[in-house]
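Thanks, I'll keep this short.

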Amino acid sequence: MRNLNSPMSRRGLFAAGGAAVLTLALAACGSSDPAPSTAGQSAKSWSFTDDRKETVTAGAVPSRVVAFTGTAAVLADYGLQQKVVGVFGETKRADGSPEPQAGDLDVNKVTILGNVWGEFNIEKYAALRPDLLVTHMYDPGALWYVPDESKDKIVKLAPTVAVSVARVPMTEPIERYAALAESLGADLTAPKVAEAKARFEAAAESVRTAVADNPGIKVLAASGSPDVLYVSNPEVNTDLMYFTQLGVDVVKPEKPGDGGYYENLSWENADKYDADLILLDNRGTALQPKDLTSKPSWAKLPAVRAGQVVGWDPVPRFSYAGAAPILENLASAIRNAKKLG
């Protein structure tokens with residue numbers, strides 16, 4: 001059985017503690033600039049109800065935010081880089097370059113509390129004097145990439161906000177993060193934001209068009225490990241759910257495991273599902289095509305033989321700017337794919 005405490009497992013998520021209403025006492029420890037006011041709020045008060053239905057309140061708009069790297073990148077997309085003081089989750093590669101999920105976030109201007117699954121430096125976190133911690137929520141009440149063994153200490157140091165990124169189409173977490181960004185002072189009418197949204201909407205339409213122009217392409221979303229091929233479930237994974245809404249025929253695994261995220265296939269059974277196009281997990285935690293050449297069953301898959309394998313990020317950046325390229329690449333892959341068999 002797969003190790004549940006792994007970055008590729010949604011069951012390794014960690015439940016968050018805390019009361020339903022959290023009061024944030026902001027000290028004069030952030031920027032000397034006044035906190036920006038937000039729609040419907042005064043400059044001296046702030047509140048946000050997250051997807052746990054917990055309401056965080058504060059005497060002022062938070063100015064020192066710590067976030068999962070992909071979440072921090074979303075905030076940067078909305079012009080809030082200056083508020084992000086720390087991140088956790090894969091941020092820098094071994095050569096010092098940013099991980100893809102960092103997006104346009106300047107990773108050299110934030111404190112990295114942990115660069116891999118299970119790492120979260122509490123001492124550094126406390127020293128940052130955080131006003132707010134923000135991350136994804138895959139399972140109810142769980143804080144993505146907050147280690148279970150230290151979560152009780154972490155959630156006591158600052159209020160937390162969790163945004164649901166499973167069992168709903170990708171547009172929902174995008175909208176929720178946009179709402180959070182606006183509450184923190186982002187201008188959703190800014191040209192950069194408006195342009196990103198228009199690009200996203202055009203990209204979504206390009207997927208619909210590609211499906212209509214090249215019908216019948218069956219798509220399988222998968223992640224490779226040394227012993228198992230994981231086939232992801234479009235009824236649970238938020239991006240795949242949205243792809244199906246756009247008309248993409250995504251393989252639905254028959255026997256997904258706990259949480260419903262994916263079905264574990266031994267490499268001997270890697271050909272269980274027919275697919276014309278494979279979306280392959282492109283994260284550093286998963287095996288890449290060059291790593292899979294030693295798997296005879298992988299090499300025999302029709303989509304692999306036809307060269308119809310494209311990279312896929314199962315933990316996308318939930319902003320219009322982050323999601324637009326994903327849809328553009330999907331549309332291109334479907335448009336260029338050939339029906340196999």
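Among contacts in the protein with a separation of 6 or more, 73% are between residues 24 or more positions apart, a contact being heavy atoms within 4.5 Å. This is a predicted model, where local features need pLDDT of at least 70 and side-chain atom pairs count only at pLDDT 80 or more, while totals for chains, interfaces and linings use all residues. Residues are numbered from 1 along each chain as its sequence is written, and side-chain values use heavy atoms, with hydrogens and water left out.

The protein has nine helices and 16 strands; these are DSSP runs numbered from the N terminus, helices being H or I with at least four residues and strands E with at least two.

Next, the surface. The accessible surface is about 14,700 Å², and carbon and sulfur atoms contribute 51% of that; the method is Shrake-Rupley with a 1.4 Å probe, and for residues only the protein chains shown count as cover. Of the 341 residues, 54% count as buried, meaning under 20% relative accessible area, with exposed over 50% and partly exposed in between (1.4 Å probe, protein chains only).

Now the backbone. Most residues other than glycine have a negative phi. K53 is not a glycine, yet its phi is positive, about 65°. K53 lies in the loop between strand 3 (46-49) and strand 4 (55-58).

Y145, also not a glycine, has a positive phi near 70°. Y145 sits in the loop between strand 9 (142-143) and helix 3 (151-157).

Which of these are buried or exposed? K53 counts as exposed because its relative accessibility is 66%. Y145 has a relative accessible area of 4%, so Y145 is buried.
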